[in-house]
Amino acid sequence: MKYTNLGRTGLRVSRLCLGCMSYGTPTWRPWVLDEEAAQPFFRRAVELGINFFDTADMYSLGVSEEVTGRALRRYARMDEVVLATKVYFPMGDGQNMRGLSRKHIVQGCEASLKRLGVEAIDLYQIHRMDPNTPLEETLAALDQLVRQGKVRYLGASSAYAWRFARALGVADLRGWTRFVSMQGHYNLVYREEEREMLPLCEAEGIGVIPWSPLARGLLAGSRKSLKDRDATARAKSDTLSPTLYDQPGDWDVVEANRRVAEQRDVPPAQTALAWLLSRPTVTAPIIGATKLEHLEDAVRAVDLKLTAEEVKALEAPYRPHAVRGL
């Protein structure tokens with residue numbers, strides 16, 4: 001495994017981050033693995049050198065954090081692990097069980113700490129921007145958590161670049177802790193982050209940890225078309241994928257990736273991840289795995305170097321999209 005700094009911080013993370021949304025309880029999503037089935041993935045990830053793990057309070061409504069915390073305490077050195085979680089989405093029906101108010105952020109952090117079984121969260125991320133809460137209230141609450149020692153670094157996920165830039169500016173103006181990472185929607189099929197967000201992150205020293213690096217499985221090569229919903233258990237119940245990837249040109253990108261992978265004699269997931277890892281500002285794609293071979297393939301991608309001709313072939317079919325995933 002290779003390692004790098006998360007943005008301009010001194011925090012060293014593996015070039016892959018294991019996304020833990022797949023581990024929790026299948027009562028939340030049918031494709032989610034329960035705690036017993038999830039154990040081999042955490043054990044193998046640690047063996048392969050992965051030290052970066054990402055979850056969220058809303059994954060399995062807290063169960064993912066519980067499973068993740070117990071597994072890492074069992075298999076990993078917690079003083080070496082970089083453990084990330086997120087806050088924003090509803091955790092119940094109540095009016096204050098969602099969003100980025102001071103109340104929900106503080107209560108959400110305390111609940112996550114208990115579920116994870118740790119004294120401090122390494123990277124605490126806002127899962128989205130909250131248009132219903134003043135930005136200053138959100139940033140002040142997050143800064144308070146850092147000053148109290150409950151959180152070590154702050155991150156954000158999926159925002160308009162102008163809103164993220166404003167958040168960075170306000171934090172600097174007030175002397176509050178600023179965000180060090182952006183978890184955005186970025187892969188070969190969806191590259192709109194290249195217009196504004198990635199240049200902003202490069203200029204501001206923000207680490208980029210893309211979600212859905214394989215376009216929710218499209219770039220893994222298991223589907224026969226954009227409308228194929230029978231290839232995997234997740235595809236059958238995935239209601240988000242059709243809203244993200246529905247342009248005819250999207251399949252041209254999938255086919256281009258498949259051709260490059262065949263020429264290299266590697267799985268398509270490896271070439272798609274290798275491309276993403278070669279992009280400026282990308283720190284660590286967040287990979288999901290419900291089969292151990294998926295995890296192994298992802299790790300091999302870290303050492304796969306694409307030629308300039310291969311990169312050109314992968315990028316050529318892309319067509320602009322409307323902004324999606326925010």
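Me: Where is the place of Ser-60?

Reply: This is a predicted model, in which local features need pLDDT of at least 70 and side-chain atom pairs count only at pLDDT 80 or more, while totals for chains, interfaces and linings use all residues. Residues are numbered from 1 along each chain as its sequence is written, and side-chain values use heavy atoms, with hydrogens and water left out. Helices (H or I, at least four residues) and strands (E, at least two) are DSSP runs, numbered from the N terminus. Ser-60 belongs to the loop between strand 4 (52–54) and helix 2. Its phi is positive, about 55 degrees, although Ser-60 is not a glycine.

Me: Is Ser-60 buried or exposed?

Reply: Buried means under 20% relative accessible area, exposed over 50%, and partly exposed in between (1.4 Å probe, protein chains only). Ser-60 counts as buried because its relative accessibility is 4%. Asp-265 also is not a glycine and has a positive phi, of about 60 degrees. Asp-265 sits in the loop between helix 9 (248–264) and helix 10, and with a relative accessible area of 70% it is exposed.

Me: How many disulfides does the count come to?

Reply: In general, a disulfide is a covalent bond between the sulfur atoms of two cysteines. The rule applied here asks for a pair of cysteine sulfur atoms within 2.5 Å, and the count comes to zero.

Me: How many aromatic pairs does the structure hold?

Reply: Rings of Phe, Tyr and Trp (its six-membered ring) pair if their centres lie within 6.5 Å; planes under 30 degrees apart count as stacked, over 60 as edge-to-face and the rest as tilted. The structure holds seven such pairs. In one of them, the ring centres of Tyr-88 and Phe-89 are 5.0 Å apart and the planes are at 75 degrees, so the pair is edge-to-face. Tyr-88 is buried, at 18% relative accessible area, whereas Phe-89 is partly exposed, at 23%. Elsewhere, ring pairs join Tyr-23, Phe-41, Phe-42 and Phe-53 in a cluster.

Me: Which residues touch the most other members of the largest nonpolar core?

Reply: A nonpolar core is a set of buried Ala, Val, Leu, Ile, Met, Phe, Trp, Tyr and Cys residues joined through side-chain atoms within 4.5 Å. The largest has 91 residues, and those touching the most other members are Tyr-23, Phe-42, Phe-53, Tyr-124, Phe-164 and Phe-179. Helix 10 (residues 268–277) gives the most to this core, with seven residues. Another core, of 12 residues, lies apart from it and includes Leu-6, Leu-11, Ala-84 and Ile-286.

Me: What does Phe-42 touch, not counting residues up to four places away in sequence?

Reply: Contact means heavy atoms within 4.5 Å. With those neighbours left out, Phe-42 touches Cys-20, Tyr-23, Phe-53, Val-67, Thr-68, Ala-71, Leu-72 and Tyr-75.

Me: Which residues of helix 11 are buried?

Reply: In helix 11 (residues 292–301), Leu-295, Glu-296, Asp-297, Ala-298, Val-299 and Ala-301 are buried. Their cover includes strand 3 (17–19), helix 1 (35–47), helix 10 and strand 10 (286–287).
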